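Visitor: I have a new model to look at today. Could you walk me through it?

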Amino acid sequence: MSGALQSAGYLARRAAQKERVRILYRRALKDTLNWAVHRHLFYKDADDLRQRFEANKHVEDLDRIDRMIDEAEAAYNKWRHPDPYIVPWAPGGSKFCRNPTPPPGIEIVYNFGREENE
């Protein structure tokens, strides 16, 4: 019974590590877009990032993996772009929740469908 519990604990820890690595990779890849001005620069940086992650794919020691993830998250937070690109209509963008005033001559009719001559 204890072997099954240890195996379940091992699998749960590995699943959590894989999720942390996946989230870290996606964040770093999206942040690479903020640093690269042109796509051809982004492709090179993205390829380098992928190779850095692939280089440690073979590591099996759980404690070493945790340390590597912590170091990588610290490095990501240190080198994160100070002014990331935000799509204008997304939350935090310059056009988020901005509604322009209607042009002159446009009226808003609130009683749509009702007869005026009753």
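This is a predicted model: local features need pLDDT of at least 70, side-chain atom pairs count only at pLDDT 80 or more; totals for chains, interfaces and linings use all residues.

Visitor: What share of the residues in the protein chain is buried?
Guide: The protein chain has 118 residues. Of these, the buried ones make up 16%.

Visitor: Which helix has the highest mean pLDDT?
Guide: pLDDT is the predictor's confidence in each residue, from 0 to 100, and the protein chain averages 88. Helices (DSSP runs of H or I, at least four residues) and strands (E, at least two) are numbered from the N terminus. Among the elements, H1 (residues 2-35) has the lowest mean, 90, while the highest, 96, belongs to helix H3.

Visitor: Why is the protein chain described as more spread out than a compact globule?
Guide: The chain has three helices and zero strands, in the pattern α-α-α. The radius of gyration is taken over C-alpha atoms, and the globule rule is 2.2 Å times the number of residues to the power 0.38. That rule gives 13 Å for 118 residues, so the chain counts as more spread out because its radius of gyration is well over this, at 25 Å.

Visitor: Where do the buried residues of H3 lie, seen down its axis?
Guide: Leu62, Ile65, Asp66, Ile69 and Tyr76 are the buried residues of H3. Taking directions from the helix axis to the C-beta atoms, they fall within an arc of 100 degrees, so they line one face of the helix.

Visitor: Which exposed residues does the face of H3 turned away from its buried side carry?
Guide: This face looks away from the buried side of H3. Its exposed residues are Glu71, Lys78 and Trp79.

Visitor: Leaving aside neighbours within four places in sequence, which residues are in contact with Ala28?
Guide: Ala28 sits in helix H1 and, at 13% relative accessibility, counts as buried. Its C-alpha atom is separated by 9.3 Å from that of Glu73, 45 residues apart along the chain. Contact means heavy atoms within 4.5 Å, and with those neighbours left aside the partners of Ala28 are Leu49 and Tyr76.

Terms used: Residues are numbered from 1 along each chain as its sequence is written. Side-chain values use heavy atoms; hydrogens and water are left out. Buried means under 20% relative accessible area, exposed over 50%, partly exposed in between (1.4 Å probe, protein chains only).
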